[in-house]
Amino acid sequence: MSSKDKKLVELSDRVYRGIALSRTYHIWTLGCQMNVADSQRLASELEKMGYRAAQNPDDADVLVVNTCVVRQGAEDKGVGRLVSLRPLKEKYPDKVIGLMGCMVGVRDSLPLRKRFPFVDVFLAPSEPQPMVTFLNERGIEDELRVVEDDERNLRDAIQDEDALILPAHERGSLITAHVPIVYGCSHACSFCIIPFRRGVERSRSVGEIVSEVRSLVRQGVKEITLLGQIVDRYGKDIPDGPDLADLLRIVHDAGVAEGLERIRFLTSHPNYMTDKLLDTVAELPHVMPHIEVPVQAGDDEVLARMKRGYSQQQYRDLIDRIRARIPNVAINTDIIVGFSGETEQQFQQTFDLLGDLKLDKAHLAKYSARPQTVSARTMPDDVPEEEKERRRKTLDDQQAEIIAEINGRSLGQTVPVLVEESRGGKWRGRTPQNKLVFFEDLDQDRRGQVVDVEIVWTGPWSMQGRLPSSAAMPLPLTVDMAGLSHDH
Ligand code: SAM
């Protein structure tokens, strides 16, 4: 850790000790990386007001559920969590309950207010302000003014107006962070609820993004993932604005100068992956060879009804183009099985596509009809649940074989691993292709370092390695395969 980083950690510890008796918060985050980033922003705002992460969620003064509605199952999980807070609120009425994210959306929250009267604050995606206003109106801020002064000093130390100050428990220890660069989505795939809940596409300014990246790196972050529902549309809503390739170059130069090791971006849409973007990824050494580009289905008629805007052949051509331009690239995709009207033959096209392309990962989802979407309004949800599950499982088994084969090629190779944390007595990190690697090195604190690791065992969901000089063969570790293979 540099002396600047040490100073920051020291200062944040002082702030932390100073408010030992202060109020606390807890945020449950469901769904995608965008929600993770949104929760981090809310936490950052709360910490600016003097709040700290609660050790035990039940003790927190502010409890927030950040929801996902992309599938019915995700929405049910959020509602379950929220409803479980009701008895706590009844017993301790001073606790503040917040509902955040796509369940709230960008429209009128009145129906939700009626449904969940025990909730104090409703926050649209990426909008922490209503909670800040609510807490300020309660007059808590006087009590915490002293803490704010210390926080301001911390901000000065990071030296940036638009800095994102990480929550105290993450400062100096968080290695990978997400930075939203495009909010909302205007694409309107027929199955997708996101445009209704996150509003129209809005790109953030380059200045704001660079400031945030710099401040994160100064707080110890080594890897940044730039986020957007369709990240490769970055800048299209800014007249004469930069595109994603331009932004990558700027973030690369500004971030690397501060000590940033790795840059990733997700999620791409096939129609916006220009050669310029691919060449930029290939050229910039700190931009990782890792592309997330959902195909959703392998049949042209299904793709047309999903309103995706490309054919399966165009997707195949894109994969060829990506592989030709970016050496050693890992390509991940998303698939929806059992979309309205999907026949066995049409499903078979998806199976064949994945079999031919041999991609590095497929995030598999069973179609879930979501309110307001074109497909829910105009197409029957007519593939039975058991059939959806059979199709999902068929692809899951196929992918496990494909990925085991791809990962097997790394056996005996030495790969650079960015170490994120220690788990089960081993260091856990990722390769440039975003593959999980575990290795042992009990003697040193490896967190945040890029370490050359020799791969000695591979499976579909993780790999085991050792330091090239070390002779010991690590034993395979039991990994939560379900959790790792379905991380949407
Ligand atoms: N915007 C990106 C795209 O579609 O190109 C990806 C972001 S989306 C929020 C994440 C994934 O959730 C999608 O790629 C899709 O596979 C899945 N998804 C979205 N709507 C769904 C639905 N109604 N049923 C099942 N899965 C869905």
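The model is predicted, so local features need pLDDT of at least 70 and side-chain atom pairs count only at pLDDT 80 or more, while totals for chains, interfaces and linings use all residues. Residues are numbered from 1 along each chain as its sequence is written, and side-chain values use heavy atoms, with hydrogens and water left out. Helices (H or I, at least four residues) and strands (E, at least two) are DSSP runs, numbered from the N terminus.

**The sheet**
- Three strands form an open, parallel sheet in the order β6-β9-β10; two strands pair if DSSP finds at least two bridges between them.
- The edge strands, β6 (176-180) and β10 (262-266), each pair on one side only.
- Strand β9 (residues 223-227) pairs with β10 over five bridges, and L227 has L266 in β10 as its bridge partner.
- Helix α9 (residues 206-218) lies across β6 and β9 and runs at about 165° to β6; axes are lines fitted to C-alpha atoms, for helices over the stretch in contact (heavy atoms within 4.5 Å), and angles run from 0 to 180 degrees between N-to-C directions.

**Helix α11**
- In α11 (residues 275-283), L277, L278, T280 and V281 are buried, meaning under 20% relative accessible area (1.4 Å probe, protein chains only).
- Seen down the axis of α11, these buried residues fall within an arc of 160°, so they line one face of the helix; the arc is that of the directions from the helix axis to the C-beta atoms.
- The cover over the buried residues of α11 includes α10 (244-258), β10 and α13 (312-325).

**Helix α16**
- Buried residues of α16 include K388, L395 and I402.
- Their cover includes β12 (330-337) and α14 (344-357).

Definitions and conventions. Buried < 20%, exposed > 50% of the residue type's maximum accessible area, 1.4 Å probe, protein only.
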